Amino acid sequence: MALTVPTRKPPTGDLAGTPVFRVEGLWKVFGAKADRVPAEPELGSLTPAELRERTGCTAAVRDVGFDVRKGEVFVVMGLSGSGKSTLVRCLTRLIEPTAGSIAIDGEDVRAMDKARLRELRRHRAAMVFQHFGLLPHRTVLDNVAYGLEIQGVGKAERRERAAEFVTKVGLEGMEQRRPAQLSGGQRQRVGLARALAVDPEVLLFDEPFSALDPLIRRDMQEEVVRLHREESRTMVFITHDLGEALKLGDRIALMRDGRIVQLGTPEEIVGSPADDYVRDFVRDVPREQVITVRAAMRAASAEEAAKGPALSPDATVSEAIEAVARTGSPARVMDGGRCLGVVDHERLLAVVAGTEHGEGAA
Ligand SMILES: Nc1ncnc2c1ncn2[C@@H]1O[C@H](COP(=O)(O)OP(=O)(O)OP(=O)(O)O)[C@@H](O)[C@H]1O
């Protein structure tokens, strides 16, 4: 699998740890007797097929809980039918949850009235769909301005803001074109600019790039990483593509049959799969491109701590292999002036082979 995972720092300072969304005990069950399923533990523990047989219901989301932290890209990943879209649509009640709680910035989403919900979807948590719903008779600029128009922003201001975001997504010079005069990737950029222009606190992406050819898709992924870096906007991103999840996600929730089977950083998911299902899922991932030297290092002797190439703790094993091969000596993992540990040939090969214990050094 061709994959490059950019080394990214987790959000720090004010951004770290503050939840935008907090979800607890969330269920979405489709079917006539939906309410019974979360209420009766015996039903909740059945397999999807057993549940369908016993009750005629489908539990698309089953007892899910997680936080989306401010400034992170939170990826919801899983195979088709695992419940990703249902889960993300429940966040703004595009689908009504059956049970559980959802809060945005501490406010109870399930208690919101219609007006408040409209405000939530327009201003606070905007959804970017795979087919962006561009208006064919409008120009690029007017399509981008459309979300602002709905918000009641005046014409001069919305044109100015729209122009700014057209430039931001790299479509300068195409303001007067219509959607039919654009490539698929350019249309996606218009949709992205439209979502960004309304300046929502959170952007929710539902597999926005799955219809694109691989090169344009990579372009758009890089665009999202860049926009995220520039703006630190909180993003929830649905995908069934593991490579995309690893590339974009600060954290990934891996779903199966409506449950989250593991929630963690790309490194945690690849380095310490929670069960055989996850292990199988990530089996073909080049581990050296995801696992960092912080996880791969061992304690350094006094002599090792004094010399050798220096790496940041967030450097990947792949980068370390290059440094060690170049110099022929173990690489030091440095945090400021402090040596946290070293990685040598043996440790690095163990990661590539998947036989390391990943305990790191103190
Ligand atoms: N309106 C509905 N009525 C009944 N069952 C539904 C409904 N919507 C979704 N489901 C079922 O809920 C489960 C989860 O569907 P969901 O669309 O959330 O999965 P997904 O992971 O987003 O899949 P995909 O990647 O194919 O979009 C599936 O079994 C699906 O058939």
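Two residues are taken to be in contact if their C-beta atoms, placed from the backbone, lie within 7 Å. The structure described here is a predicted model, in which local features need pLDDT of at least 70 and side-chain atom pairs count only at pLDDT 80 or more, whereas totals for chains, interfaces and linings use all residues. Residues are numbered from 1 along each chain as its sequence is written.

The domain assignment, whose bounds come from an automatic or database source, divides the chain into domain 1 (68-98 + 111-281) and domain 2 (287-353). The C-alpha centres of domain 1 and domain 2 are separated by 36 Å, and five residues of domain 1 are in contact with five residues of domain 2. On the side of domain 1 that touches domain 2, helix α11 (residues 266-271) gives the most, with four residues. That side of domain 1 comprises three nonpolar residues, one polar and one charged, where Ala, Val, Leu, Ile, Met, Phe, Trp, Tyr, Cys and Pro count as nonpolar, Asp, Glu, Lys and Arg as charged, and the others, Gly among them, as polar.

The chain as a whole holds 16 helices and 13 strands, these being DSSP runs numbered from the N terminus (H or I, at least four residues, for helices; E, at least two, for strands). The C-alpha trace spans about 65 × 60 × 35 Å along its principal axes. For 362 residues a compact globule would have a radius of gyration near 21 Å, and the 23 Å of the chain agrees with this; the radius is taken over C-alpha atoms, and the globule rule is 2.2 Å times the number of residues to the power 0.38. Of the contacts between residues at least 6 apart in sequence, 66% join residues at least 24 apart. Buried residues make up 40% of the 362 in the chain, a residue being buried if 20 or more other C-beta atoms, placed from the backbone, lie within 10 Å of its own, exposed if 12 or fewer, and partly exposed in between.

An open, antiparallel sheet of four strands runs in the order β2-β1-β4-β5, with β2 and β5 (107-108) at the edges, where each has a single partner strand, so one side of each is left without a neighbour in the sheet. Strands β1 (residues 19-30) and β4 (residues 99-104) pair in the antiparallel sense over five bridges, pairing being assigned if DSSP finds at least two bridges between two strands. Val23 has Ile102 of β4 as its bridge partner.

The ligand is surrounded by Phe30, Thr58, Ala60, Gly78, Ser80, Gly81, Ser82, Gly83, Lys84, Ser85, Thr86 and His240, a residue counting as near if its C-beta atom, placed from the backbone, lies within 6 Å. The elements giving two or more residues to this shell are β2 (58-69) and α4 (84-91), and α4 supplies the largest share, three residues. By class, the shell divides into two nonpolar residues, nine polar and one charged.

Two positions in helix α15 were examined individually. Ser318, placed in helix α15 (residues 317-327), is partly exposed, with 19 other C-beta atoms within 10 Å. Beyond its neighbours within four places in sequence, Ser318 is in contact with Glu288 and Gln289. Val324, also placed in helix α15, counts as buried, with 22 C-beta neighbours inside 10 Å. With neighbours within four places in sequence again left aside, Val324 is in contact with Pro330, Ala331, Asp344, His345 and Leu348.
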